Each structure stands twice: as structure tokens, then as C-alpha cells.
Amino acid sequence: MSDYTLLRVRDVMKKTGFKRSWVYVQMERGKFPRPVRIGGRSIAWVESEINEWIASHIKKREDARK
């Protein structure tokens, strides 16, 4: 069984530097990982997916410099 760490929106905001509304805009545009439902009205993001998203943007930056 894999261990997953779930991040609430405040943690995602802190990790990415995005505001709450921008997280949702980017999700709707298909440019940001979607959350998982963890309760009736609660959602969270899988930390590894957020880390992969960040890493892909760093890679894009590095590739653009070449």
C-alpha cells in the first residue's frame, strides 16, 4: 500500500504561491492537478501530484534556457 500525503488548499497556496481563486482557475483550465474528495464538503490535493506539477514547471524553465 502506498502512503499519500494530502494537502488542504492553504497548504497548496503556500507551496505554489498561488491565491485560492487562481488554483481553481488553473484547475478549470486543466493546468493544475485536481483535488480528491475526502469528505462531504472537503477536498485535498495529493502532495506528490503538486510536487510533480512544480517539477514540470522547473523543467520547462530549464528547457527554455537551452
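Residues are numbered from 1 along each chain as its sequence is written, and because the model is predicted, local features need pLDDT of at least 70 and side-chain atom pairs count only at pLDDT 80 or more, whereas totals for chains, interfaces and linings use all residues. Side-chain values rest on heavy atoms, with hydrogens and water left out.

The protein has three helices and three strands, where helices (H or I, at least four residues) and strands (E, at least two) are DSSP runs numbered from the N terminus. Read from the N terminus on, the elements follow the order β-α-α-β-β-α, and the C-alpha trace spans about 45 × 30 × 20 Å along its principal axes. Among contacts (heavy atoms within 4.5 Å) between residues at least 6 apart in sequence, 41% join residues at least 24 apart.

The three strands form an open sheet in the order β1-β3-β2, with antiparallel pairing, two strands being paired if DSSP finds at least two bridges between them. β1 (6–7) and β2 (36–37) stand at the edges with a single partner strand each, so one side of each has no neighbour in the sheet. Two bridges join β1 to β3 (residues 43–46) in the antiparallel sense, and Leu6 has Val46 as its bridge partner in β3.

Helix α2 (residues 20–28) has Val23, Gln26 and Met27 as its buried residues; here buried means under 20% relative accessible area, exposed over 50% and partly exposed in between, with a 1.4 Å probe and protein chains only. These residues lie on the same side of α2, because they cover an arc of only 105 degrees around the axis, taken from the directions from the helix axis to the C-beta atoms. Ser21 and Glu28 are exposed on the other side of α2, while its buried residues pack against α1 (9–16) and β3. Gln26 counts as buried at 10% relative accessibility, and, leaving aside neighbours within four places in sequence, Gln26 is in contact with Phe18, Lys31 and Phe32. After α2 comes Gly30, with a positive phi near 75 degrees.

Of the 66 residues, 24% count as buried. Ile38, in the loop between β2 and β3, is partly exposed, with a relative accessible area of 40%.
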